[in-house]
Amino acid sequence: MHDLLPYIHGSISNLLGSVQFFMPEIWLSALFIIVLITDLLFGKNSQKLCKTVACVGILLICILDLGQRDFIKQSSEENIPLFLFNNSLLLTRAAVNFKFIIDLLAFVLLLYADWDHKLRAHKKGLSDLYTIIIASIFGLHLMTMAVNLLSIYLSIEMVSLASYLLVAYRSENAFSTEAGLKYVLFGAAASAIMLYGISLLYGFTGSLDLFDGNFVQGLTQANGMAVSFALVLVLLGIGFKLSFIPMHFWVPDVYEGASTPVTAYLSTLPKIAGFALLINFLTPFIFSVRWSAFDFKLFLSIVGIATMIAGNFAAVLQTNVKRMLAYSSIGHTGFVLMAIITFNQQGITALTWYLLVYSIANIGALVLASYFANVTGAEDMEGYKGLGLRYTTASVCFVIILISLTGLPITAGFTGKVFVFSAVYGVYQQNHDLWLLLLMITGALTTVVSLFYYLKIPLNLFIKRLEIVKEPVSKSYNLLFLATIISVLLILLGIFPDFVINYL
Amino acid sequence: MLTLLIFLPILFGFIIVVLPSSMRASFKYITLLATLLQLAISIYIYLNFKTGVAFGGIDHETQFQFLQKLPWIHLNLGSLGTMQIDYFVGIDGISVTLLLMTSIVMVVAALSSWEITSNLKGFFALFLLLDMALIGVFCSLDFFLFYIFYELMLLPLYFLIGMWGGARREYAAIKFFLYTLFGSVFMLLVMIGLYLSVKDPATGNHTFNMIQMMNPANYTPGSIFNILSHQTIFGISARIVGFVVLFVAFAIKVPIVPLHTWLPDAHVEAPTPVSIILAGILLKIGGYGIIRICIGIFPEVATSGAFWLGLLGVISILYGAFNALAQRDFKRIIAYSSVSQMGFVLLGIASQTTEGISGAVFQMVSHGFLSAMLFFLVGVVYNRVHDRDIYNFRGLGTLMPKYMVFIMIAFFASLGLPGFSTFIAEAFSLTGAFKSALLPNWLAICGAVGILFSACYFLWTLQRMFFGSVSLKGGDTWRAALVDLKPREIIALIPLALTALALGVMPSLVFDKINDSVLALVSFTKTFIR
């Protein structure tokens, strides 16, 4: 105990010094408490109020995120990395971008949550849902910055717990309950595997800090096989969040079983944070010259190719819209892995952009799935037959959004594909790695496959005809409005990507 | 000027979208107005197009006309410099005639859209969007811009075939879409590879500028597509891979056997205006792409592979002709005759002689008019009785004499009767093929035999459907329905018939404009042969 005394002063000043870089997260926890208390104080009628508070709060946090860009600029000028809280967090340019994107998308999701009629019909009300989402965003923020094995594990668990609650939130039918249980079991197993990997890594090096010089050096000295095993375990744990092969089994059931806004949440935010975490985790190994025990490039290439192929081909067979989007999101994960393998700044920019565009489009697609479920009760593609001419605006938006997900001009999805391909090509040109070429070819091929299943929706909407058109069950203008904004945004970002991407 | 030409249709498209559906009767007039305005602009461009050695175009940026270049996407990529994508349009001799042809065919297509009765707003909005993309492809000089317009065509066409098509429209539409996308995603990869290989000498940035891609000096040393660095992909020279990928993408469009199977389906199921656009303009984009991009950027590969290109062309000519002989659906015959006739384009290109390439461009222009005319004529019968089986008709000549006149003109013009445009085009393509040192003579002879077969199927169809005594499957109801051409139809057909005749008598209308560019292209490819 006495040995630690001399360090206390240093630790405390480090903590206090870090606080100024931690403002968005501190305000997030304040927001969490405020929403929670609002819910308690106003009881049953608190739903609208909680939503307003949460939305306004998250917008304020977006502004705080933007403020952090100055810190980044300063630190890159002085060339001092911004480690926080005794090297457990690292604030980088990518992290700030990811946080901003997460908060922005969270704002959209918070708006969207109670516009889904099925979720709104929940008898407990949605106040708890807002609280949980805010808490999970705190975890997501940590994930984007975590560079310490302990903080990595904590942040992932934080997000996981929130996600379990969200998935099981609306558990009125057996299918949804099953999805929730499946998710919890898979999640628990994945985190146990990851924890095992982490403990092995700690055993090899005696350090939890990824950027500690001893960490990578310790691993190079340990047995190569054992280290590879431990690293694969940790990657699998992260992979559960990213849902790449072979950690994808939970995705279709959970996406289908959860209520649509929750699916929109699951398919975007944890994925973005997961990629941010993967970048953080890989960085020390990539920049270590002597590191040769485990070939991340090979591992991620194989996983990426397998994920693209499996996700896209499985999606072809689906008839439920949400299930199809679930498989397609697996395919997108594979595509983004391709950008990670470049391991350079251009690759990360391309990845950020691709994730942003994908997330916007995917949320848009699910918003429209909600819309059609609200208005006509249709959840399968069969149910969409002949609706195109009746709900023209929504259907045209759906086409634009799906085209963006496929990656065709002139939508933002196309620019995303171009940037990822050119980042990978740039690296291929230098090292002529066969895997990169294979990745690109798979990426191109699966684009054609993805067109086939994405087009099934417009096919049913416009081309198949149905004699009897059901009367609308109810109206849902909010969702339509949101979907329209998203589609216009996707086209604008497609034509003028440089307005945004130059800031990434 | 070009910008106006490109974006004029979409402007009118917006007007149609915002107008209420109660004004749906006016949509066709708005579309017609848009295409007529477009025609007026392209006639102006055609008349003001300067010729001479100083306006050859091809690989000299300054020799292009009606140039417009605006910075569009400039991304800062840190250590890799800036990504430079320009809005860059301009035309040379090869594009100008195709541009005029496109405008005329679009007017005809707009006139034939009178037959569309359901969901007019959607149809005309998509029609105009497609129009914009088609014009854009012929004008773009930036590969990125080209690709965007190229892909932008697919979606409207998918819906136009899928929503207003025949019985198997879903199948035909998705087949067309997947086929073309398959070609173009790999084109995207090559495009990015080229972009990373080429630097704009003026700014030092990587660029998508097609004209800079044609100059071997602009390639960074050691880059994938640099001629001197001899890079390989899977053990094959990277430049050959690049050429083949681009060629396949365009060959699907042309279409060249064995990549043609989407075409009969798409044509048969598509409504008449879409068939006209498909055959008249879309197929030409394939040929145009091969000339401008495949030959322009990889000339030495085109030269060394000329035999295979020529062989594919001849196979298309013969295979298309044989298939046309075997069909009993009137529209399928025309569709396969398109495959056959577009084979001459490839044969002409493969010869890489002035005659051959002039013939290829001429064939594209001439086939644009004639196939539009043929599909329009098929549409006339189909709209009246909703049947196209040749054996269900007999003696149409006595029933519809005016129709017969136009059919005769279209058939004889297409089978290469002297005095009509196809004769000139095929004669030049074959002369090029005979003269070319790259192609053996038997290829050209086989191509000439193809003309014979085309005469067979056209004349046989004529005999079966139009001669003899009147005998129709539908009996008197059909006889009542099969009235002769209406004034609107005659108005649409007359300009097509006249241009086919005019081009046959005065081929200089086209040759004067394209000659300098073709010479420039031929001498440009020659510089690569070492």
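## A strand pair in chain B

B:Pro71 sits across from B:Asp86 in β2(B). In this predicted model, local features need pLDDT of at least 70 and side-chain atom pairs count only at pLDDT 80 or more, while totals for chains, interfaces and linings use all residues. Residues are numbered from 1 along each chain as its sequence is written, with chains lettered from A and ligands numbered from 1 in the order in which they are written.

β1(B) and β2 (residues 82–91) of chain B run antiparallel, joined by 9 bridges. They belong to an open sheet of 3 strands with mixed pairing, ordered β1-β2-β3 (chain B); strands pair if DSSP finds at least two bridges between them. β1 (65–76) and β3 (206–207) of chain B are at the edges with a single partner strand each, so one side of each has no neighbour in the sheet.

## Chain B overall

Chain B has 22 helices and 5 strands, taken as DSSP runs (helices H or I, at least four residues; strands E, at least two) numbered from the N terminus. Of its 530 residues, 61% are buried, meaning 20 or more other C-beta atoms, placed from the backbone, lie within 10 Å of the residue's own. The C-alpha atoms fill a box of roughly 75 × 60 × 45 Å along the principal axes.

## Where A meets B

Here 28 residues of chain A are in contact with 34 residues of chain B (C-beta atoms, placed from the backbone, within 7 Å). On chain A's side, α18(A) gives the largest share, 7 residues.

Terms used:
A residue is buried if 20 or more other C-beta atoms lie within 10 Å of its own, exposed if 12 or fewer, and partly exposed in between; C-beta atoms are placed from the backbone. Two residues are in contact if their C-beta atoms, placed from the backbone, lie within 7 Å.
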